[in-house]
Amino acid sequence: QVQLVESGGGLVQAGGSLRLSCAASGSIFSINAMGWYRQAPGKKRELVAVITSGGSTIYADSVKGRFTISRDGAKSTVYLQMNSLKPEDTAVYYCNFGVYTPRGYLEVWGQGTLVTVSS
């Protein structure tokens, strides 16, 4: 069983910063890509950022230059540094890992953490 535990969400004023963390636990051989997604009220879940096992990154256009994704392989943790936050960044943020386990390859989701940006 693989679990992802997120932390770091909260309420922040526009222009402020937050750092999200997501740590994996369980029977994991290795982790492939790690990503952050978000879902705003009434909208579909969307990709925010992804980082591969090799360190390559992909960002949604809406967050480029403001958000930074990073990973700590030794800790099986991914981070999302969010700067210059805007009210439109308000959403539930979910982490997503592709992991190799004794049962094979799994795609695992975190429980979500709420980020609220006030204007």
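Two strands pair if DSSP finds at least two bridges between them. Strands (E, at least two residues) are DSSP runs, numbered from the N terminus. Keep both rules in mind on this tour.

This is a predicted model: local features need pLDDT of at least 70, side-chain atom pairs count only at pLDDT 80 or more, and totals for chains, interfaces and linings use all residues. Residues are numbered from 1 along each chain as its sequence is written, and side-chain values use heavy atoms, with hydrogens and water left out.

**Stop 1: strand S9**

Select residues 91–101. This is S9, and nine of its eleven residues are buried. Buried means under 20% relative accessible area, exposed over 50%, and partly exposed in between (1.4 Å probe, protein chains only).

**Stop 2: the partners of S9**

S9 and S11 pair in the antiparallel sense over three bridges. Find Ala91; its bridge partner in S11 is Val115.

S10 runs antiparallel to S9, and six bridges join them. A hairpin of two residues links S9 to S10. Look for Phe97, which stands opposite Val108 in S10.

Next comes S4, residues 30–39. S4 and S9 pair in the antiparallel sense over eight bridges. Ser30 has Tyr100 of S9 as its bridge partner.

**Stop 3: the core**

Select Trp36, Leu80, Met82, Tyr93 and Phe97. These have the most contacts inside the largest nonpolar core, which has 31 residues. Such a core is a set of buried Ala, Val, Leu, Ile, Met, Phe, Trp, Tyr and Cys residues joined through side-chain atoms within 4.5 Å. Which element gives the most to this core? S9 does, with five residues.

**Stop 4: a nonpolar patch**

Select Phe29, Tyr100 and Tyr105. They make a nonpolar surface patch of about 370 Å². Accessible areas come from the Shrake-Rupley method with a 1.4 Å probe, and for residues only the protein chains shown count as cover. Nonpolar side chains (Val, Leu, Ile, Met, Phe, Trp, Tyr) are joined within 5 Å, like charges within 9 Å. Phe29 sits in the loop between S3 (18–26) and S4. Phe29 counts as exposed because its relative accessible area is 63%.

**Stop 5: Ser119**

Finish in the segment after S11, at Ser119. Is Ser119 buried or exposed? Ser119 is exposed, at 88% relative accessibility. Ser119 and Ala14 are 105 residues apart in sequence, yet 5.3 Å apart in space, C-alpha to C-alpha.

Note on methods:
Patches are made of residues with over 30% relative accessible area and no salt bridge: like charges are joined within 9 Å, nonpolar side chains (Val, Leu, Ile, Met, Phe, Trp, Tyr) within 5 Å. A salt bridge is a side-chain nitrogen of Lys or Arg within 4 Å of a carboxyl oxygen of Asp or Glu. Helices (H or I, at least four residues) and strands (E, at least two) are DSSP runs, numbered from the N terminus.
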